[in-house]
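Please read it alongside the sequence and the coordinates.

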Amino acid sequence: MIIEKIELKESTEKSCDFLNPRFNLITSNDKNSTGKSTYCRLIFYSLGYPIPSTEDIKFEKVESKTQIVNDNGNRFIIHRKDKSLSLYTEND
């Protein structure tokens with residue numbers, strides 16, 4: 001499985017990231033405590049894992065759409081909003 005795209009929305013804040021299928025590097029320009037681990041946790045949360053929230057971000061308030069592709073080239077979208085998790089094919 002390859003994660004191609006992840007959209008995150010919390011209140012009025014939105015982000016959309018397209019990931020490279022071969023290599024992705026998450027950095028913070030020589031600063032610590034800038035959200036690298038939180039971003040990785042949000043990716044796992046968007047895939048359905050029961051990841052606890054952080055102090056600053058309540059994950060149950062984050063709506064996510066994660067586009068993945070499997071080994072056969074089929075694309076799926078995983079939509080998570082609080083405890084609701086839905087899986088769609090690319091054409092649904």
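The sections below take up the basis of the model, then the cysteines, the salt bridges and a serine in a strand.

## Basis

This is a predicted model, in which local features need pLDDT of at least 70 and side-chain atom pairs count only at pLDDT 80 or more, while totals for chains, interfaces and linings use all residues. Residues are numbered from 1 along each chain as its sequence is written, and side-chain values use heavy atoms, with hydrogens and water left out.

## Cysteines

A search of the whole structure finds zero disulfides, a disulfide being a pair of cysteine sulfur atoms within 2.5 Å. For Cys-16, the closest cysteine sulfur is in Cys-40, at 17 Å, which is too far for a bond.

Cys-16 is partly exposed at 40% relative accessibility, and Cys-40 is partly exposed at 31%. On this scale, buried means under 20% relative accessible area, exposed means over 50%, and partly exposed lies in between (1.4 Å probe, protein chains only).

## Salt bridges

Side chains of opposite charge can pair when their charged atoms come close. The whole structure contains two salt bridges, each defined by a side-chain nitrogen of Lys or Arg within 4 Å of a carboxyl oxygen of Asp or Glu.

One joins Arg-75 to Glu-4, with an N to O distance of 2.8 Å. Arg-75 lies in strand β4 (residues 75–81) and Glu-4 in strand β1 (residues 2–10), so this pair ties together parts that are 71 residues apart in sequence. Strands here are DSSP runs (E, at least two residues), numbered from the N terminus. Arg-75 is partly exposed, at 29% relative accessibility, whereas Glu-4 is buried, at 17%.

The other salt bridge is between the side chains of Lys-5 and Glu-7, at 3.2 Å from N to O. Lys-5 is buried, with a relative accessible area of 19%, and Glu-7 is partly exposed, at 28%.

## Ser-64

Ser-64 sits in strand β3 (residues 62–69). Is Ser-64 buried or exposed? Ser-64 is buried, with a relative accessible area of 1%.

Leaving aside residues up to four places away in sequence, Ser-64 touches Glu-7, Leu-8, Ser-46, Ile-78, His-79 and Arg-80. Contact here means heavy atoms within 4.5 Å. Among these neighbours of Ser-64 is Glu-7, which also pairs with Lys-5 in a salt bridge.

Methods: Helix = DSSP H or I, 4+ residues; strand = E, 2+ residues; numbered from the N terminus.
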